[in-house]
Amino acid sequence: MSNQPRVLSGIQPTGESMQLGNYLGAVRNWVQMQDGFDAYYCVVDLHAITLDPPEPAALRQRTRIVAAQLLAAGLDPDRCALFVQSHVPEHPQLSWVLECLTGFGEASRMTQFKDKSAKAGVDRQGVGLFTYPILQAADILLYQADQVPIGEDQRQHLELTRNLAQRFNARYGQTFVVPEAYIPKGAAKILDLQDPTAKMSKSRPEAGTVYLSDEPAVITKKVRRAVTDTDGEIRYDPERKPGLSNLLAIHAAFTDAGIDSVEKEFSGQGYGALKNAVAESVIAFAQPFAARSRELLDDPAELDRILAKGAERARALASVTMADAYAKVGFLPAVVG
């Protein structure tokens, strides 16, 4: 048992590739956290069917793709547990227990449910969208995570997780660790290249989103067409110059340079020089990343072996938590044999 604080985070298998915002905003920090934390990282395929479930073959392929890309990004199965959510049946088991402790009004106030149901209408949404944050709470609490890396948009869900842990503990006795938010130092919020008022996302038009599997020519084209402004001054000012500031942040992240030093480097050079440098720094990472991802995907048996090893490690912890929770709720234990 590790004496390090435990951390849990997950990523959905959506689309055919990780995009720049996923990597710089989350995954790069996961890689760094492997040495300071007892780290559990999950491909959350159960969450992937919440809205518009993909075809079964596509879901399986996307699950392998995101697992391969996480490994290509630097996750090491000897330094963390990398696993697939559906390989650990305790996730939905604990979710049901927590659902029974969650108020209807409490769940309906979750921002994601309100926003997405408002767009398509409540009657057209599956119940999974309503209970999504509770399954997310189960994901975290199963592993007794001390900390959870989150962005600002996930604070409400983590607060629900904390509330449910405290509620269960108050009713049944100390069972779950109440997790804290972990805000990684230097975490980058990457914006859409065509609309720098919005976060880069797979759900947005492709022209503003850089995928790490994009060919170099495609990356260069997208970066060169990034929206900036007309004053021509290289200055980091997210409020007044969001597009330019986004490019500075991307270049700083991939070159491990401070924003100030990037500003000085390109002072007086114009936006074209900065865009060319940004494209080059992204490509320098993306090309070996894509090659390693393809190598892993070309050996699905080995990839599945790595995921099975991660699931075994995850279940060793999750099964203990689940057995304790079930016993405290009062469920009759199953007798084997």
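Me: Why is Gln144 called buried in this predicted model?
Reply: Buried means under 20% relative accessible area. Gln144 has 16% relative accessibility, so Gln144 counts as buried.

Me: Where does Gln144 sit?
Reply: Gln144 is in the loop between α6 (127-141) and β4 (147-149).

Me: What makes the phi of Gln144 worth a remark?
Reply: Most residues other than glycine have a negative phi. The phi of Gln144 is positive, near 50 degrees, and Gln144 is not a glycine.

Me: Asp256 has a positive phi too, about 55 degrees. Is Asp256 buried or exposed, and how do you know?
Reply: Exposed means over 50% relative accessible area. Asp256 has 69% relative accessibility, so Asp256 counts as exposed. Its place is the loop between α9 (242-255) and α10 (259-266).

Me: How do you know what span to expect for α7?
Reply: The expected span is 1.5 Å times one less than the number of residues. Helix α7 (residues 155-172) has 18 residues, and 26 Å is expected. From its first C-alpha to its last, α7 reaches 26 Å, close to that expected value.

Me: Which residues of α7 are buried?
Reply: Among them are His157, Leu158, Leu160, Thr161 and Arg162. Leu164, Ala165, Phe168 and Asn169 are buried as well.

Me: What follows α7?
Reply: Gly173 does, with a positive phi near 105 degrees.

Me: What makes a set of residues a nonpolar core?
Reply: The residues must be buried, of nonpolar kinds such as Leu and Tyr, and joined through side-chain atoms within 4.5 Å. The largest such core here has 58 residues. Leu20, Tyr23, Tyr41, Leu70 and Leu274 have the most contacts inside it. Helix α11 gives the largest share, eleven residues. A second, separate core has 34 residues, including Ala81, Ala165, Phe176 and Leu317.

Me: Which residues does Tyr41 touch?
Reply: Leaving out residues up to four places away in sequence, Tyr41 touches Val7, Trp30, Leu75 and Phe83, among others.

Me: How do you describe the packing of α8 and α11?
Reply: Two packed helices are described by the angle and the distance between their axes. For α8 (residues 216-224) and α11 (residues 271-297), the angle is about 145 degrees and the axes are 9 Å apart. The crossing is right-handed.

Me: Which residues make this contact, and of what kinds are they?
Reply: Ile219 and Val223 of α8 are among them, as are Val278 and Val282 of α11. Val and Ile count as nonpolar. The contact has eight nonpolar, three polar and two charged residues.

Conventions
Residues numbered from 1 in each chain as written. Predicted model: local features only at pLDDT ≥ 70, side-chain atom pairs only at ≥ 80, totals over all residues. Heavy atoms only, no water. Axes fitted to C-alpha atoms, helices over the stretch in contact; angles between N-to-C directions. Helix = DSSP H or I, 4+ residues; strand = E, 2+ residues; numbered from the N terminus. Left-handed = near helix turned anticlockwise from the far one by under 90°. Contact = heavy atoms within 4.5 Å. Buried < 20%, exposed > 50% of the residue type's maximum accessible area, 1.4 Å probe, protein only.
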